[in-house]
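Subject: Structure handover

Hello,

Here is the structure for you to take over. Please open it first, then read the notes below.

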Amino acid sequence: MDDVEWLPTPLTASRVRVRRPVHGDEAALVALFTDEEVRQFVGGPLGEDDARRRAAQLVADSAWGDLVVEARTDRAVIGSGDLRRKRGPWEISYQFDRAHWGLGLASETLEFLVAWFFAATNEDLLIAVTQDGNQRSARVLERGGALLTDTFQQYGAVQRRYEFRRESLSSSADV
């Protein structure tokens with residue numbers, strides 16, 4: 001994605017801001033990485049030392065696609081994620097602090113990032129994968145316009161592959 005600069009300035013939606021990880025985010029990232037419920041469907045919680053190392057590395061060596069989500073009200077980091085090529089096509093991943101579940105903030109962030117991705121790139125496909133058991137994430141993806149296109153076995157669990165397509169999002173916006 002050499003032709004698209006990654007978040008030179010934060011992206012701002014009505015209740016959230018999306019930006020690159022910066023110094024000062026480490027404690028919030030460690031809290032996300034070590035939370036058993038937050039990490040239930042993404043490999044489980046990390047140990048404290050591993051979480052600290054990962055958070056420090058994410059802040060020090062932020063790559064294209066690494067992101068944190070802030071609440072606009074108080075600028076607290078409430079989530080993190082990335083846009084990456086993990087399974088071929090570009091994939092979006094996210095996790096949110098439990099205190100912010102059920103408020104529509106994940107949906108707002110996802111819809112905003114998907115729209116930004118298609119506006120900023122020439123890509124026609126963006127995928128998301130979630131475990132079959134992660135009903136909350138499945139609902140967020142479906143509300144955001146993603147279509148379930150496949151299920152497969154990975155990491156000892158059934159995974160769901162969802163797709164966002166440029167043409168389906170632009171045609172649904174025209175309706």
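A definition to begin with: two rings of Phe, Tyr or Trp (its six-membered ring) pair if their centres lie within 6.5 Å; planes under 30 degrees apart count as stacked, over 60 as edge-to-face and the rest as tilted. By that rule the structure holds 7 aromatic pairs.

Some ground rules. This is a predicted model, where local features need pLDDT of at least 70 and side-chain atom pairs count only at pLDDT 80 or more, while totals for chains, interfaces and linings use all residues. Residues are numbered from 1 along each chain as its sequence is written, and side-chain values use heavy atoms, with hydrogens and water left out.

Aromatic pairs

Take Trp-6 and Trp-116. Their ring centres are 5.4 Å apart and their planes stand at 75°, so the pair is edge-to-face. Trp-6 lies in the segment before β1 (11–12) and Trp-116 in helix α3 (residues 105–120), so the pair ties together parts that are 110 residues apart in sequence. Helices (H or I, at least four residues) and strands (E, at least two) are DSSP runs, numbered from the N terminus. Trp-6 is buried, at 2% relative accessible area. Trp-116 also counts as buried, at 16%. (Buried means under 20% relative accessible area, exposed over 50%, partly exposed in between, with a 1.4 Å probe and protein chains only.)

Next, Trp-64 and Trp-90. Their ring centres are 5.3 Å apart with planes at 55°, so this pair is tilted. Trp-64 sits in the loop between α2 (48–60) and β3 (66–71), and Trp-90 in strand β5 (residues 90–96), 26 residues apart. Trp-64 is buried at 19%. Trp-90 is buried at 8%.

A charge over a ring

Arg-54 lies over the face of Phe-33, 4.5 Å from the ring centre. The rule asks for NZ of Lys or CZ of Arg within 6 Å of the ring centre and within 35 degrees of the ring normal.

The cavity

A cavity is a set of points, on a 1 Å grid over the protein atoms alone, where a 1.4 Å probe fits but cannot get out; lining residues have an atom within 4 Å of a point. Points are joined across faces, edges and corners, and a volume is the space filled by probe spheres set on them. The count is 1 cavity of 30 Å³ or more. The largest cavity has a volume of about 50 Å³. Its lining includes Leu-67, Ile-92 and Leu-113. β3, β5 and α3 each supply at least two lining residues.

Best wishes

Conventions
On a 1 Å grid over the protein atoms alone, a cavity is a set of points where a 1.4 Å probe fits but cannot get out, and a pocket is an open set with protein on both sides within 12 Å along at least five of seven lines; lining residues have an atom within 4 Å of a point.
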